[in-house]
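Subject: Structure handover

Hello,

Please find the structure below, followed by my notes on it.

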Amino acid sequence: MRIPRSNQVALAALLAGLMAGGPGRAASPEPTQASVDVPSTPSVVPTPNPASITGSNATGVVSDDAAATPANPVTDYKPPEPAPDSAPTPAPTVSAPTSPVEPIPAAIFARLAESAPLLTRLGAKERAAIKAFYEARGDKPVWIAEGAWTAAAKSIAARLAAADEDGLDPRAYPVPSLSEKPEDKAVAEAELRLSAAAVLYARDARGGRTNPSSISRLITPTLDLPTGDAVLSKLSEAGQQAGDVLAAYNPASEGYRALKAQLARLRGPKVQEAKPLTLPPGATLKVGMRDPRVPALRAYFGLDANSAEPTLYDSGVADAVTKFQRLRGLPGNGVLNKRTVLALAETGRAAKSSDEPELLVNMERWRWLPHELGPDYVLVNVPEFRLRVFRDGKMRDETRVIVGKTESPTPIFSGMMEYAVVNPSWYVPPSILKTMAPKLASYGGKTWGGYEIVRRGGHISLRQPPGEKNALGFVKFMFPNQHAVYLHDTPNRSLFSASTRAFSHGCVRVDDPFRFADTVLPDWTEERLKKLIGKGERTIRLPQKLPVHIAYFTTYVDDLGSLRRVPDLYGYDAPMRAALGLPGGGGPAIAKLPKEPARKVAEETGSTAPHNHGPSRQAAPVRAHARTYAQPEMDAFDSPRASRGGRPEYGEPGLWTPAPAPVSRSFW
């Protein structure tokens, strides 16, 4: 802080008088740094008017008279030089938190200061967050009052004990015991262990129980793991509802809840009826309709079989159907639809014991998706080869897709679709182009085998122009991601008729891209988009980014409420079981998985269209019966074009290089 000039003069005069001494007065010692309030950083002193300085001339040269003037101890102060052997002055330190005076907070403070873990799987970061939570409240207990658990603590303990309902292991979240007259140290231990168990449950419910990248480095979800202090703050404010708040950390999606209901049915007692009811196919029945299946329903539910109109689907039959639907977790509307008929046929049927690990593995995969999927999103289930579009929480459309081969799997992650490109171009990947560079450099033409030669500076690239035979088809849908994959059309539509559609190098090919575009682009109909074909490349940005979730579910509940299973395309189930400690896990499946292709950043070339800066894929090994560049419609590479700097959009290596040799997989 700058010292005012008037204060400087007054203080200088005072100090000068003290140093000079006076009658009957001892001389004062030399001023020290401690005795003068001088900032550690020298202040900027305003330059005085030369005319007002005694003994100075206008040029600022000090005269002999000025030299005889005593030095000003404020403006001329210099910090004393430290002695050669003296230690530097230590920097100010922040005082450590002191232990509370009250016994229980003091015990909590002491326990958090120890190095012993609260729970084995709770890391240092979570422990620090718990410590911060308690420090903010003076280390006072949250769950124990007057030597007993609070209502919130009992609610949390009940949820931890029922963790298996959500496919979690209750043994991982032990609820500490509390004696009738616990000592302070025991209260602190029980308090903190309950907090640690609640924090661990919340993180596991959000997907923190496993490391997805240990299953495959192509599984890269963005997990939203809550911090310990945030969890405890939310639970401490919930009171008796703390258990429900803790349970809400589990996925809220309908697909997860459907698997959870299947798990409860598998573990719990059989439902109501001892035998299933198999009804012949028929129309959906509502109140007032007549149908020959109604008498069987009356007998099944124990209704009056001697009704005047036994085939009438009246309110009594509808009420019985409603109760059955609610018991089975179906919408209780009293309508006899396909889902209800299937549920009647499966009632009382014992499930296989092997079903439980399958359910648990796929419930865990739901934790890899965002907690709230939102009303609008695209969901691709890779092993099912299906894509579904949801609008306002309801499925608007679904279609077949082609996904990556086992040697080039489609990555599992979530992204945000930003734009679509109609009439896209395709560029030959640099790994292939470099083998042709010498010939292209000496070649003077503008085209090469139907491809345009693009020269920009010292770079040469081959571009396949938009058109009917373009490797990307007529349209592609971009959601920038680290894997550089996207959704796109393909000219080779015959592959969609195959039951196992794993043919790409990682991208997802859509069966009917214009119908899909009609669903995801709100201002563009299918007819309007098709009018753009052949008119040059056109980028269409979405008014709002649309979430795209590329998932991997081998067991799921379909729209009719039936449990469905599909083959484990990439062999991820066995390592998932091993990671969760379930039967059927182990090394053979993961050891036999093919080596996943490395990805590298594409080289700079001359394109200027929008792009994703993700890396491209390396070429596959050579085999004798190679496909050549004369068949561009077979594949499309998974590296989009750059938006700045001119990165091109390359094609899949299989388009120019031979397919890899088959890999032996004994586990298949």
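Two strands are taken to pair if DSSP finds at least two bridges between them. Helices (H or I, at least four residues) and strands (E, at least two) are DSSP runs, numbered from the N terminus.

This is a predicted model, in which local features need pLDDT of at least 70 and side-chain atom pairs count only at pLDDT 80 or more, while totals for chains, interfaces and linings use all residues. Residues are numbered from 1 along each chain as its sequence is written, and side-chain values use heavy atoms, with hydrogens and water left out.

Overall figures

The protein chain contains 19 helices and 19 strands. Of its 668 residues, 46% are buried (under 20% relative accessible area; exposed is over 50% and partly exposed in between, with a 1.4 Å probe and protein chains only). The accessible surface of the chain is about 33900 Å², and carbon and sulfur atoms hold 55% of that area; areas come from the Shrake-Rupley method with a 1.4 Å probe, and for residues only the protein chains shown count as cover. Among contacts (heavy atoms within 4.5 Å) with a separation of 6 or more, 67% are between residues 24 or more positions apart.

Strand 3 and its partners

Strand 3 runs antiparallel to strand 4 (residues 386-391), with 5 bridges between them. V380 has L387 in strand 4 as its bridge partner. The two strands make a hairpin with 4 residues between them, and F385 in the turn has a positive phi of about 60°. Strand 3 also pairs with strand 15 (residues 538-551), here in parallel and through 4 bridges. In that pairing, V378 is opposite V548.

Another 4 strands form an open antiparallel sheet in the order 7-10-9-8. Strand 7 (426-427) and strand 8 (447-448) are at the edges with a single partner strand each, so one side of each has no neighbour in the sheet. Strand 8 pairs with strand 9 (residues 451-456) over 2 bridges, and W448 is opposite Y451.

Helices

The axes of helix 14 (residues 355-366) and helix 18 (residues 573-580) come within 10 Å and cross at roughly 90°. Axes are lines fitted to C-alpha atoms, for helices over the stretch in contact, and angles run from 0 to 180 degrees between N-to-C directions. The two helices are therefore roughly perpendicular (65 to 115 degrees; under 35 is roughly parallel, over 145 roughly antiparallel and the rest oblique). On helix 14 the residues in contact are P357, E358, L360, V361, E364 and R365, and on helix 18 they are D573, M576, R577 and L580. Elsewhere, helix 16 (residues 513-520) has 6 of its 8 residues buried, including F514, F516 and V520.

Positive phi in two loops

Most residues other than glycine have a negative phi. E146, which is not a glycine, has a positive phi of about 55° and lies in the loop between strand 1 (144-145) and strand 2 (148-149). E146 counts as exposed because its relative accessibility is 87%. N423 has a positive phi near 60° and sits in the loop between strand 6 (413-422) and strand 7. At 3% relative accessibility, N423 counts as buried.

Regards
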